[in-house]
Amino acid sequence: VIGLPLVGPSNLQAATALGFLVSVAALVVSAALATGCNPAADSVRLRDEDDLDLTKNNKYDDEEFEGFCLDCQVPMAPRSKHCHACNKCVSVFDHHCMWLNTCIGERNYKAFLATIASVSAMTSVLLGTCIYVLIGCF
């Protein structure tokens with residue numbers, strides 16, 4: 001396999017290359033899913049779609065809200081928080097990821113975890129290859 005001349009047998013080269021390529025593909029897909037969705041709370045997305053003032057609209061009377069976001073001008077669901085980096089309320093807000101440049105919340109948390117897992121797998125393949133080469137040198 002091209003690019004892995006330091007790794008011994010050809011089946012080990014193929015396994016290393018395949019593991020790395022799978023982890024890179026998983027990273028690209030999961031990062032695209034994590035950044036491609038809008039993590040904003042439902043009330044913010046509905047306001048943006050309908051361009052309505054939700055303070056005067058009673059279609060959310062049956063839902064439970066904890067407060068009102070003065071920045072977004074929408075009722076806030078439990079565990080929602082306003083992200084000042086994205087300037088929107090995010091449902092089940094976890095954090096604003098500077099690497100993906102998006103908020104991590106309820107709608108993209110699984111894709112974010114898949115991104116972390118694929119980076120971990122890619123790092124493991126690289127670290128394992130480095131250890132194999134270092135052991136072979138001594």
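Me: Which helix is Ala117 in?
Reply: Ala117 lies in helix H3, where helices (H or I, at least four residues) and strands (E, at least two) are DSSP runs numbered from the N terminus. This is a predicted model, in which local features need pLDDT of at least 70 and side-chain atom pairs count only at pLDDT 80 or more, while totals for chains, interfaces and linings use all residues. Residues are numbered from 1 along each chain as its sequence is written, and side-chain values use heavy atoms, with hydrogens and water left out.

Me: And how far is Ala117 from Ala26 in space?
Reply: Their C-alpha atoms are 8.9 Å apart, although Ala117 and Ala26 are separated by 91 residues in sequence.

Me: Ser30 next: is Ser30 buried or exposed?
Reply: Ser30, which belongs to helix H1 (residues 10–36), is buried because its relative accessible area is 5%; buried means under 20%, exposed over 50% and partly exposed in between, with a 1.4 Å probe and protein chains only.

Me: What does Ser30 touch, leaving out residues up to four places away in sequence?
Reply: With that exclusion, Ser30 touches Ala111, Ala114, Thr115 and Ser118, contact meaning heavy atoms within 4.5 Å. The side chains of Ser30 and Thr115 also make a polar contact of 3.1 Å, a term for a pair of N or O atoms within 3.5 Å where, within protein, one must be able to donate a hydrogen and the other to accept it, and where residues adjacent in sequence count only if both atoms are side-chain atoms.

Me: Changing topic, which residues make up the largest nonpolar core?
Reply: That core has eight residues, namely Ala40, Ala41, Val44, Cys69, Cys72, Val74, Met76 and Cys89, a nonpolar core being a set of buried Ala, Val, Leu, Ile, Met, Phe, Trp, Tyr and Cys residues joined through side-chain atoms within 4.5 Å. A second, separate core has seven residues, including Ala34, Cys97, Leu100 and Ile104.

Me: What is Val44 in contact with, beyond its neighbours within four places in sequence?
Reply: Beyond those neighbours, Val44 is in contact with Cys72, Val74, Lys88 and Cys89.

Me: Back to H3, why does Ile135 count as exposed?
Reply: Ile135, in helix H3 (residues 109–137), counts as exposed because its relative accessibility is 60%.
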